[in-house]
Amino acid sequence: MHKTAQAWFTGGTAASSAAASESQPSLLADWNSYAATRSDASSSSSPLPFDIEAAVRSANDTVSGTFSSVTKGVRELPGSFQSATSSFPSGRALMYFGLFLATGIFFVFIAFALFLPVMVLMPQKFALSFTLGCALIIASLFALKGPANQLAHMTSKEC
């Protein structure tokens, strides 16, 4: 049965398959001879002209030294995590920012999509929705930074 299946896969008859298998070396025998010659060649001398282990060890030492000096520099920065996150907005401020921004974008979209084509007939509707949208977008920035900080930022002179 085994020879018949082998003959079927090779495309010959069972008798010719038996004769062919004895005349040709098997793939396993070829692989074993190749592996034996490779292990002999690699054990006798390295194919690389330098020591790969020493090169990897040196590169590892260099990289770890660089990271340790960067980490040391980051730890010695003035301030702390608390001072860095004190200006980060609260969850409520982020919620109002998102709400105002989305509503403002909605009104600007409505102004351009619905009222711009009929601006000759109803200019006040375009003006009202566009102005309301822009005001809500600016209000979202006030909600994000806080009213006093945003007003101070808007009224400060640029240097």
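Me: How much accessible surface does the chain have, and what share belongs to carbon and sulfur atoms?
Reply: About 12,900 Å², with 69% of that on carbon and sulfur atoms. Areas are Shrake-Rupley with a 1.4 Å probe, and for residues only the protein chains shown count as cover. It's a predicted model: local features need pLDDT of at least 70, side-chain atom pairs count only at pLDDT 80 or more, and totals for chains, interfaces and linings use all residues. Numbering starts from 1 along each chain as its sequence is written, and side-chain values use heavy atoms, leaving out hydrogens and water.

Me: How many helices and strands are there?
Reply: 8 helices and 0 strands, taken as DSSP runs numbered from the N terminus (helices H or I, at least four residues; strands E, at least two).

Me: What percentage of the chain's residues is buried?
Reply: 9% of the 159 residues, where buried means under 20% relative accessible area, exposed over 50% and partly exposed in between (1.4 Å probe, protein chains only).

Me: Where does UniProt put the transmembrane region feature?
Reply: The unreviewed entry has it at residues 93-119 and 126-144. UniProt positions use the numbering here, feature names are shortened, and annotations may be inferred rather than shown by experiment.

Me: And how far apart are the end C-alpha atoms of residues 93-119?
Reply: 36 Å, with the span 85% helix. For residues 126-144 the distance is 27 Å, and that span is 100% helix.

Me: Which helix has Y96?
Reply: Helix 6, residues 91-115. Y96 counts as partly exposed because its relative accessibility is 33%.
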